[in-house]
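Please open the model in your viewer and keep the selection panel at hand. The tour goes from one selection to the next and says what is there each time.

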Amino acid sequence: MTPAAPSFELLPGADHSPVILHVPHSAREIPPSVRPGIVLDDEGLERELDHITDAHTAELAAEAAGLSAVAPWQFVNRLSRLVVDPERFPDEREEMLAVGMGAVYTRTTHRAVLRPADADPQPLIEGYFRPYARAMRDAVAERLAVAGRAVVVDVHSYPTAALPYELHGEGPRPPVCLGTDSFHTPPELLAAAREAFAGCGEIGLDSPFSGAYVPLDFYGKEPRVSALMVEIRRDTYMTEPGGPAGPGLGQLAAALAALVDTVTG
């Protein structure tokens, strides 16, 4: 399966900026060639998109980039994560396979059928997942070559109440959750995020979601690549589950810009 157009976009920042704001889950678009493989009717699909989409996070990243003293780069997924989820492992390493939500989802947020259990994920993996992964790898490699380091800041959101698919939804759900990696999240990056988001409410660590995205070519090997996941609870900036953004978005964008400025130096 070959996309008619790129399913992602790299928006340039300042040439010497090491920062990439990564926005993987903000879009609702599903290509016509992919839609027949999803068993939900149109109403059910819209409802699922309301729950699964990190709505307005691309807007949040764009506003933050505009507020930053040195513009970061932005890597934005332009297709829904119901096509492929670029942050999942494409094989048995992925723990979310237990609930049918590996790189290609077969179940919904409420554990209903999304795709038939015997659907072959490989055309979507080859057509969408691998090109995305290669492009993100190349974007990080370019920051390393030009800036000498790369800082990947994942921009996500999550619902106020846990959804049935969540494997670790029983823990705290603070207004801001910072997801970390033991190798790629240095203490100074975490401290900068805590300071930047201090005015946005309580800040939690690795609950309800943990980890940070690093392209596999660099994962656990390249200390010059640092990463942090910023998860925003949706009631702080939008009407749930899939409604409009509210005034909280501006405060969060300013906080994200402050983080960008601190780590850019």
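Begin by selecting Phe-89, Leu-216 and Tyr-219, which form a nonpolar patch on the surface with about 260 Å² of accessible area together. Patches are made of residues with over 30% relative accessible area and no salt bridge, like charges being joined within 9 Å and nonpolar side chains (Val, Leu, Ile, Met, Phe, Trp, Tyr) within 5 Å; accessible areas come from the Shrake-Rupley method with a 1.4 Å probe, and for residues only the protein chains shown count as cover. This is a predicted model, in which local features need pLDDT of at least 70 and side-chain atom pairs count only at pLDDT 80 or more, while totals for chains, interfaces and linings use all residues. Residues are numbered from 1 along each chain as its sequence is written, and side-chain values use heavy atoms, with hydrogens and water left out.

Stay with Tyr-219, which sits in the loop between strand S6 (203-205) and strand S7 (225-233); helices (H or I, at least four residues) and strands (E, at least two) are DSSP runs, numbered from the N terminus. Tyr-219 has a relative accessible area of 38% and is therefore partly exposed, a class between buried (under 20%) and exposed (over 50%), with a 1.4 Å probe and protein chains only.

Next, select helix H5 (residues 248-264), whose 17 residues should span 24 Å at 1.5 Å a residue, in agreement with end C-alpha atoms that are 24 Å apart; the expected span is 1.5 Å times one less than the number of residues. Among the buried residues of H5 are Leu-249, Leu-252, Leu-256 and Val-260, and the cover over its buried residues includes strand S2 (19-23), helix H2 (57-67), strand S4 (150-158), helix H4 (187-196) and S7. Just after H5, look at Gly-265, which takes a positive phi of about 80 degrees.

Now turn to the salt bridges, of which the whole structure has 14; each is a side-chain nitrogen of Lys or Arg within 4 Å of a carboxyl oxygen of Asp or Glu. Select Glu-46 and Arg-28, a salt bridge whose closest N and O atoms are 2.9 Å apart. Glu-46 is in helix H1 (residues 42-52) and Arg-28 in the loop between S2 and H1, 18 residues apart.

Finally, select Asp-54 and Arg-81, whose side chains meet in a salt bridge (3.9 Å, N to O). Are these two residues buried or exposed? Both Asp-54 and Arg-81 are buried.

Notes
Contact = heavy atoms within 4.5 Å.
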